[in-house]
Amino acid sequence: MNTGAFIVIAIVTLSAAMAAATLRKLMHAALSFALAVIGIAAFFFLIGAEFVGLALVFIYIGAVAVLIVFTILLTRRDVQRDRGLNWSGVPIAASVFAGLTWSILNTQSTAIVAPHIRALTVKQIGQTLMTTYVWPMQCVGLLLTAALIGALLLVIEEKP
Amino acid sequence: MSKSIDQIFVSAKHWLLSWLDGSPSWLIQITSSLISIFALLAVFLTLFALMSVLERKILARIQNRYGPNRVGPFGLFQPVADGIKMLIKEDIVPARADKSLHFLAPILIAAAAILALGVIPYGRNMAPFAIDGGILFFFAVGSTTELAVFMAGWGSNNKFSMLGAMRAIAQMFSYELPLLVTVLPVVMVVGSLSPDRIVAAQAEYTYGFAPRWFVFTPWGAAAFLLFFVSGLVESNRTPFDVPEGESEIVAGHMTEYSGFKYATFFMAEYIGMFAISGLGVTLFLGGWHAPARALEFVPSYLWFLGKLSVLLLVYVWVRGTLPRMRIDQIMNLAWKFMLPMAFTCVIAAAVWHYAGRGLRGWLWSLIVIASVYIVLSIVLDTRRKFAPRVYRFAE
C-alpha cells in the first residue's frame, strides 16, 4: 500500500516539478509548482507527519503560489517570447544542487536504521514552539509584522 | 434501541466491510474510504439539490411571490429539471481562453469544497476522515480555493472574469484572517485541533441543564458571529457577493462558463457553504450533541443535520434581506472591525479560562468583549453615514 502510494506520488511530484521548470507558459509553470508542493505534502502525510504536510499546503498553496501567480499577472510582458537559455542561472542552479547533494550525502539517516519514535502530534509541536523555540518564533512574528506594515506603507496613498 | 439507531450508519459500514474479512489490509482501507466518500457525496449532493429549490422558495416567500411550483409536488423536482438542463447545455470554451486552466478550475474548486467536508464529525463515531489536525486540514484545503478562483479568472481570458477573480481573492484573503483567528479560542480552550475532541469538550451540561456549547460563553458567541460573517464571505454569499455582482461584472470569474461547468461552480459554492456551516456547528454549537439530556434519545446525526439546517436557513434569510456591500466597505469591515474583534475573542477566551471557566470567567470575558466593542464602535464611527458619495476617479 505504502510503496504503491509512494511511487504514484513520486511520479506526480517529479513530473509536476519537471513541468514547472520546462513549461513555456509562466502561469502553467507556477501552477505545476503548486502541484509539486501538494505532492511533497502528500509524502509528509504518508509518513504520518500531518502537521508539516498541512502547513506546507497552507503556506505554499494558500500564500506562495497565489503570490507567484499575482506577480506574473501584474508583470505580464511578452510572455511567449523565447529568450534562449539564461546562462547566468547555471552557476546558481549548480551551487544549489551541489549544496543539497552535499548535505544529503552527509546525513546519517540513509546509512542507519532510524530508531522508532512516537508519532509527533500537533500538540507536541505547539509546546516545543512555545517553550524551546519561543524566541525564534517571536522574532519571526515581529519580522512578518514589519513586512506587513512595510507593504502597507508602500501602497499608502499620499493625500494631495 | 436508541443506541443502535444512533450507530446505524456506523454498523452498516462495519457490516459492508465484514464481507472483506481476510482480504489484504490495503483493500479494506480503500473500500472503507470509498464507502465514506460515496455516503458523503450522496448525502451532500442531495442536500445541495434540496437546498437549491428550498432557497428559491424561501427567497420567493420573502419577496412575496410563489417561487418554483411547477415541477412535481410543491416544485420539489425542480433540481432534476435544472440538472438535466445544465447537463445538455452546450459547453462553450472561448477561443482565446487558456483551455487547460479553464477546464481544471471548476474541478479543483469542487474537489477542495468536497475534501473539506471530510473532517467534520456528523454524529457519534461518524467523522469520515479523523485526523489529529482536522481543523487545520479544513483550512489548508480551503486555501486552495483561491488558486482555483484565480485559474478560472485567468483561464477565461476575459476582463470581467479577471476582475471578478481579483475581487474574490481579495475578499477571501482578507476574511481568512478573522476566520482563522475566531477558530483559535476554541482550539485554545479545548487544547486540540481535532474536531472530535472539540465536540467531546462540549458534551456536558452546566448545572445539569445548560449545554456547554461554546456559543453560550461571551467569547464563543462573539467568535461565532464573526465566524458566520467570515463564512458568508468565504462562500461568496450576499451581502458579500461582489465577485459575481451581476450589475457590474456579469458573473465574475464564472462569466465564461456555461452548462455543466457553471453548475459545478454553483455546486462548489453550496458545498463550501455546507462545509463552513458544518464547521461552525462543530466548533460552537456543540456538534452532534443534543441541547438537553432528555433529548439524547434522538440520533446524533439528526441533531447535526438540524443545526446545519438552521444555519443554512439563516444564510438564505440574510440573502433575502440584505443589499450587496461595496468592496471598500467589505475591506474596511474586515481589517478595522472583524480582525480586532477576533483577537479580542482570543483574549477573552484566555480570561475565561484563567478566571475559572465558571460564572466569574463568564462575566469577565463579557466585560472584555463589550469594552473592546464599545471602543471600536466609537473609534470607527466616521459620523458621515449619509453624506453624499465622493467620487475619486469619476467627476
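Colleague: Starting with α6(B): how many of its residues are buried?

Modeller: 9 of its 9 residues are buried, so α6(B) is mostly covered. Buried means 20 or more other C-beta atoms within 10 Å of the residue's own; 12 or fewer is exposed, in between is partly exposed, and C-beta atoms are placed from the backbone. Keep in mind that this is a predicted model: local features need pLDDT of at least 70, side-chain atom pairs count only at pLDDT 80 or more, and totals for chains, interfaces and linings use all residues. Residues are numbered from 1 along each chain as its sequence is written, with chains lettered from A and ligands numbered from 1 in the order in which they are written.

Colleague: Which residues are the buried ones in α6(B)?

Modeller: G134(B), I135(B), L136(B), F137(B), F138(B), F139(B), A140(B), V141(B) and G142(B). Helices here are DSSP runs of H or I with at least four residues, strands are runs of E with at least two, and both are numbered from the N terminus.

Colleague: And what covers the buried residues of α6(B)?

Modeller: The cover includes α3 (50–74) of chain A. From chain B it includes α5 (99–117), α7, α8, α9 (195–201) and α12 (259–284).

Colleague: On to the interface. How many residues of chain B are in contact with chain A?

Modeller: 19 residues of chain B, against 17 residues of chain A. Contact means C-beta atoms, placed from the backbone, within 7 Å.

Colleague: Which elements of chain B give two or more residues to that side?

Modeller: α3 (25–62), α6 (134–142) and α7 (144–156) of chain B. The largest share is from α7(B), with 6 residues.

Colleague: How do the residues on that side of chain B divide?

Modeller: Into 12 nonpolar, 5 polar and 2 charged. Nonpolar covers Ala, Val, Leu, Ile, Met, Phe, Trp, Tyr, Cys and Pro; charged covers Asp, Glu, Lys and Arg; the others, Gly among them, are polar.

Colleague: Helix packing next. At what angle do α8(B) and α14(B) pack?

Modeller: About 10°, with the axes 8 Å apart. α8 is residues 159–190 and α14 is residues 327–354. That makes α8(B) roughly parallel to α14(B). Axes are lines fitted to C-alpha atoms, for helices over the stretch in contact, and angles run from 0 to 180 degrees between N-to-C directions. Under 35 degrees is roughly parallel, over 145 roughly antiparallel, 65 to 115 roughly perpendicular, and the rest oblique. The residues of the α8(B) contact with α14(B) divide into 21 nonpolar, 4 polar and 1 charged.

Colleague: Where are F74(B) and N157(B) found?

Modeller: F74(B) is in the loop between α3 and α4 (78–88) of chain B. F74(B) is exposed, with 12 other C-beta atoms within 10 Å. N157(B) is in the loop between α7 and α8 of chain B. N157(B) has 16 C-beta neighbours inside 10 Å and counts as partly exposed.

Colleague: Zooming out, how many helices and strands has chain B?

Modeller: 15 helices and 2 strands. Its radius of gyration is 22 Å, close to the 21 Å from the globule rule for 395 residues, so chain B is as compact as a globular protein of that length. The radius is taken over C-alpha atoms, and the rule is 2.2 Å times the number of residues to the power 0.38. Buried residues make up 42% of chain B.

Colleague: What about chain A, how many helices and strands?

Modeller: 6 helices and 0 strands. Buried residues make up 15% of its 160 residues.

Technical notes
Two residues are in contact if their C-beta atoms, placed from the backbone, lie within 7 Å.
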